[in-house]
Amino acid sequence: MVAVVRSLMVLLLAQVLLEGAAGLIPDVGRRKYSESGKQSPEQSESFLNDFELRLLNMFGLRRRPTPSKHAVVPQYMVDLYRMHSANGDHSTKRPKSMGKHAERAASKANTIRSFHHEESMEALASLKGKTTQQFFFNLTSIPDEELITSAELRIYRDQVTGEAHPNNSSRNSSSSSSGSAGGLHRINIYEIFGAPASQNGETLARLLDTRLVQDSLSRWESFDVSPAVSQWTSGKRHNHGFMVEVFHPHQGEVEERHAQKRSRHVRVSRSLHQDQDSWPQARPLLVTYSHDGRGDSVLHTREKRQATLRKNRRKQQHKASCRRHDLYVDFSDVGWNEWIVAPPGYHAFYCHGECPFPLADHLNSTNHAIVQTLVNSVNSNIPKACCVPTDLSAISLLYLDENGKVILKNYQDMVVEGCGCR
């Protein structure tokens, strides 16, 4: 029974969701599938697997992802998905963790990827009230054809509470004063150019972004690292990673110990993070925004969809006429819920019905369809016009790819918004 349901869902994905996808199945393949009841289970499964691979290729995947059970989906990526999926719903506010920079970056991209750093390659040092960490992000999974439009490095920091535990709500008077030197520290982000210079041992790097932040707040800080990531992914410069520098701008030798306490509240390393259970969600995150040259941006709007739905409701269509029908695709039916984080499924809809002569205005027909239907009325050898999708919209998928990376991507022509005779 499970195999039958899976087979049915794969066919629906091919023939209904993706316009023109029927062309993916050669005639011989169609005959084999239609006669699958006469085939051995091994032959049917082989054809099904081959066809599923073709579908995955359309999603830009070479094989079905099999993510680890320990894979972590950053909350930020979930927030991005919710915002994009709710675009057009003005009651949905931008998450506090998301800055305006991210919203602008996403409007120019149709793919958003997230990366955690390689902890085995990090280098941490504390000297004279200053904490620095070098860390590396492996970006080799980004396809060559994708153009990086923006990139941000996100770092989480706790409020500084003096001698108290970080979870204590009480604030040290010297660190909670936003206007005093004791209430601020600076975070600098550098691009590393290569190995340390032989003369003084300092790392050769250039400043990418900097921010003076208040000690009294707990929040994510976002830094623009677009220039470095664009150079790395285009092959114009080698990826040696980033260096994060945390220090007090007015630090004296006497206060060095207190500055080091503050630096521990910026979670750039597991060794500086006191709560190991929450580290997977608090560790630094690199987010890239890119476009693969296909379709529109991730921030597709629902205004057009809502207008189409209102228009369709006003039409008094005959039940047998060409119109849109309900179809819900549940990813768990084809086993894709193992790697698709959200949504669990979606309303794809499909078009079905007659295109009778004469074609009514509400059937959204082309001039060619009208002529073809007219000729069919006097010559049955000429087929009638077909009921097909005339308006399609996109959906956003949040998923784990073959490398275990979390990706938010916009896929075009996945939802039928309108039907007509063509």
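Buried means under 20% relative accessible area, and in this predicted model Cys-421 is buried, at a relative accessible area of 0%.

**View 1. The disulfide of Cys-355 and Cys-421.** In this pair the two sulfur atoms lie 2.1 Å apart. The link is left-handed, with -95° about the S-S bond. The pair connects distant parts of the chain: Cys-355 sits in the loop between β14 and α11 (367-376), Cys-421 belongs to strand β16, and 66 residues separate them. Cys-355 has a relative accessible area of 3%, so it counts as buried. For Cys-421 the value is 0%, and this cysteine is buried too.

**View 2. The disulfide of Cys-351 and Cys-419.** The S to S distance of this bond is 2.0 Å. Its torsion about the S-S bond is about -85°, so the disulfide is left-handed. Cys-351 is part of strand β14 (residues 350-352) and Cys-419 is part of strand β16 (residues 406-421), so the bond ties together parts 68 residues apart in sequence. Both Cys-351 and Cys-419 are buried.

**View 3. The disulfide of Cys-322 and Cys-387.** The sulfur atoms of Cys-322 and Cys-387 are 2.1 Å apart and form a disulfide. Because the torsion about this S-S bond is about 75°, the disulfide is right-handed. Distant parts of the chain are linked here: Cys-322 is in the loop between α10 (303-314) and β10 (323-325), whereas Cys-387 is in strand β15 (residues 387-400), 65 residues apart. The relative accessible area of Cys-322 is 2%, which makes this residue buried. Cys-387, at 17%, is buried as well, because the cut-off for buried is under 20%.

**View 4. The three disulfides along the chain.** A search of the whole structure gives three disulfides. With bonded cysteines counted along the chain, their pattern is 1-4, 2-5, 3-6.

**View 5. Cys-386, a cysteine in no disulfide.** Cys-386 takes part in no disulfide, and the nearest cysteine sulfur, that of Cys-355, is 7.1 Å away. Cys-386 is partly exposed, with a relative accessible area of 44%.

Technical notes: Residues are numbered from 1 along each chain as its sequence is written. This is a predicted model: local features need pLDDT of at least 70, side-chain atom pairs count only at pLDDT 80 or more; totals for chains, interfaces and linings use all residues. Side-chain values use heavy atoms; hydrogens and water are left out. A disulfide is a pair of cysteine sulfur atoms within 2.5 Å. Helices (H or I, at least four residues) and strands (E, at least two) are DSSP runs, numbered from the N terminus. Buried means under 20% relative accessible area, exposed over 50%, partly exposed in between (1.4 Å probe, protein chains only).
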